[in-house]
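Try each task before reading its solution.

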Amino acid sequence: MKVGDLVELSARGKKLKYCERHIGKVGIISGVDYASQFEKKEWFYVDWCGGDKHQPHLRTDLKFARN
């Protein structure tokens, strides 16, 4: 995934209480960040359509949006 990709929540992301308000929405990736040099976790910041802006998610919480 890269900045500009359209995404939605994956099955794992839909199970998270933190993400329940984003179920059924599409978002665009607005930024990418790395948690630390030791963990190698990649955080994707998503601007949700009709919702929150710059929300951090792990790759496992997201999938590419379908057309």
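**Exercise 1.** Find the pattern that the chain follows when read along the sequence.

*Solution.* Start by listing helices (DSSP runs of H or I, at least four residues) and strands (E, at least two), numbered from the N terminus. The chain has 1 helix and 5 strands. Read in order, they give β-α-β-β-β-β. Next, take the radius of gyration over C-alpha atoms and compare it with the globule rule, 2.2 Å times the number of residues to the power 0.38. The value is 11 Å, close to the 11 Å that the rule gives for 67 residues, so the chain is as compact as a globular protein of that length.

A word on the source: this is a predicted model, where local features need pLDDT of at least 70, side-chain atom pairs count only at pLDDT 80 or more, and totals for chains, interfaces and linings use all residues. Residues are numbered from 1 along each chain as its sequence is written, and side-chain values use heavy atoms, leaving out hydrogens and water.

**Exercise 2.** Determine what percentage of the chain's residues count as buried (under 20% relative accessible area, 1.4 Å probe, protein chains only).

*Solution.* Apply the cut-off to the 67 residues: 30% are buried.

Terms used
Buried < 20%, exposed > 50% of the residue type's maximum accessible area, 1.4 Å probe, protein only.
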